[in-house]
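The chain and its coordinates are shown below.

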Amino acid sequence: MSGSVVLLISSGETTMTSTFPHHFTGRNNVNGKVRKRVVRIMPLIPSKGFTVSSISVTTDKPSSSVDIVYEVIVKQAKLVREQKVRASSVGPKDRNLLNEAYDRCQEVCAEYAKTFYLGTLLMTPERQRAIWAIYVWCRRTDELVDGPNASYITPTALDRWEKRLNDLFEGHPYDLYDDALSDTVNKFPIDIQPFRDMIEGMRSDLKKSRYQNFDELYLYCYYVAGTVGLMSVPVMGISPYSKASAEEVYNSALALGIANQLTNILRDVGEDARRGRIYLPQDELAQAGLSDDDIFRGRVTDKWRNFMKGQIRRARMFFDEAEKGVTELNSASRWPVLASLLLYRQILDAIEVNDYNNFTKRAYVGKTKKLVSLPLAYARALAGPSKV
């Protein structure tokens with residue numbers, strides 16, 4: 001299950017000697033051993049009542065999820081900072097064919113991602129086309145494991161899909177949709193690694209249906225949704241007046257991707273359970289006195305409500321941290337990005353309105369609320385980059 005193709009920029013940063021903190025559910029996490037190096041991660045400022053404690057590991061232990069993701073961020077940030085773009089390995093493409101390719105991408109986006117598509121209509125034409133191309137590739141990738149033919153997909157099929165990705169990045173697309181993305185990655189400083197990581201997330205879905213703790217779930221959320229933020233930063237652009245570093249920009253894009261995916265997970269608990277999947281931290285379920293059987297039965301109890309309240313708090317904290325830096329975006333991108341964020345965050349409100357019944361009721365945002373969100377997003381987007 002993949003996330004939405006939206007991103008947000010933040011100017012904040014936290015420096016910690018730790019792996020990803022598991023403090024978002026209001027409970028202390030288990031302490032580990034210290035890995036002696038400083039890791040920059042997205043700002044994670046706990047609200048009142050949350051306890052901050054960090055897990056860290058020794059140098060002979062595997063990297064934490066944050067370490068793994070941050071290494072990707074550093075590379076992407078360098079490309080954007082230096083505005084490096086790929087030199088196309090093929091000759092000029094037929095303009096009419098390219099226009100048709102982008103039109104096809106627009107049609108797919110409009111049909112399958114209505115809320116997201118509404119936000120893209122507020123972008124400049126060039127950015128619209130690029131984001132549509134990225135969205136379509138992400139959707140096609142997600143459909144490999146979640147679509148109608150998912151039962152026939154094998155690791156070998158994903159290997160072939162990755163080879164196809166490599167080819168389109170080298171200027172050798174297979175079809176019109178690939179043609180649009182191939183053109184996009186040659187216009188913007190977009191690196192291939194987040195695309196490869198998304199495919200890795202699909203591989204995870206083929207072999208894994210449980211996540212022992214939030215560190216594992218965080219990495220999965222990065223693979224299937226945080227990657228979208230990294231793909232999109234070069235397209236959205238950063239304000240020339242921004243004081244934020246490129247690494248800070250990517251950290252916040254990642255924060256929104258994680259927030260979106262956590263929202264997807266909470267909205268789709270019942271749907272995923274019917275496919276035998278549970279995308280909730282097993283240790284946190286156990287601490288709440290819940291088990292897989294409780295989810296499969298789909299009963300809304302006080303234990304479930306309390307558990308869901310903690311999960312929703314966590315997702316909102318990621319949204320809050322992402323929203324702080326919206327003014328760091330290029331002025332042409334602030335409104336649509338913030339509109340998308342506000343709309344998607346309201347899904348969490350809808351879960352609460354449904355009395356936390358995400359087993360048989362699907363949380364959604366009505367048209368009226370969507371329309372009301374647009375002027376609110378516009379008003380907030382008028383602010384320029386932070387002065388500090």
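The model is a predicted one. Cys109 is also buried, at a relative accessible area of 0%. The structure as a whole holds zero disulfides.

Helix H7 runs over residues 193-207; its 15 residues should span 21 Å at 1.5 Å a residue, and the end C-alpha atoms are 21 Å apart, so the two values agree. The buried residues of H7 are Pro194, Phe195, Asp197, Met198, Ile199, Gly201, Met202, Arg203, Ser204 and Asp205. Among the elements that cover these buried residues are helix H1 (65-82), helix H4 (125-146), helix H5 (155-169), helix H6 (176-187) and helix H8 (214-236).

Most residues other than glycine have a negative phi. Asp355 is not a glycine, yet its phi is positive, and Tyr356 likewise has a positive phi without being a glycine. Asp355 sits in the loop between helix H14 (331-353) and helix H15 (367-381), and Tyr356 is in the loop between H14 and H15. The table gives their values.

| Residue | Phi | Relative accessibility | Class |
|---|---|---|---|
| Asp355 | about 60 degrees | 37% | Asp355: partly exposed |
| Tyr356 | about 65 degrees | 10% | Tyr356: buried |

Note on methods:
Residues are numbered from 1 along each chain as its sequence is written. This is a predicted model: local features need pLDDT of at least 70, side-chain atom pairs count only at pLDDT 80 or more; totals for chains, interfaces and linings use all residues. Side-chain values use heavy atoms; hydrogens and water are left out. Helices (H or I, at least four residues) and strands (E, at least two) are DSSP runs, numbered from the N terminus. The expected span of a helix is 1.5 Å times one less than its number of residues. Buried means under 20% relative accessible area, exposed over 50%, partly exposed in between (1.4 Å probe, protein chains only). Contact means heavy atoms within 4.5 Å. A disulfide is a pair of cysteine sulfur atoms within 2.5 Å.
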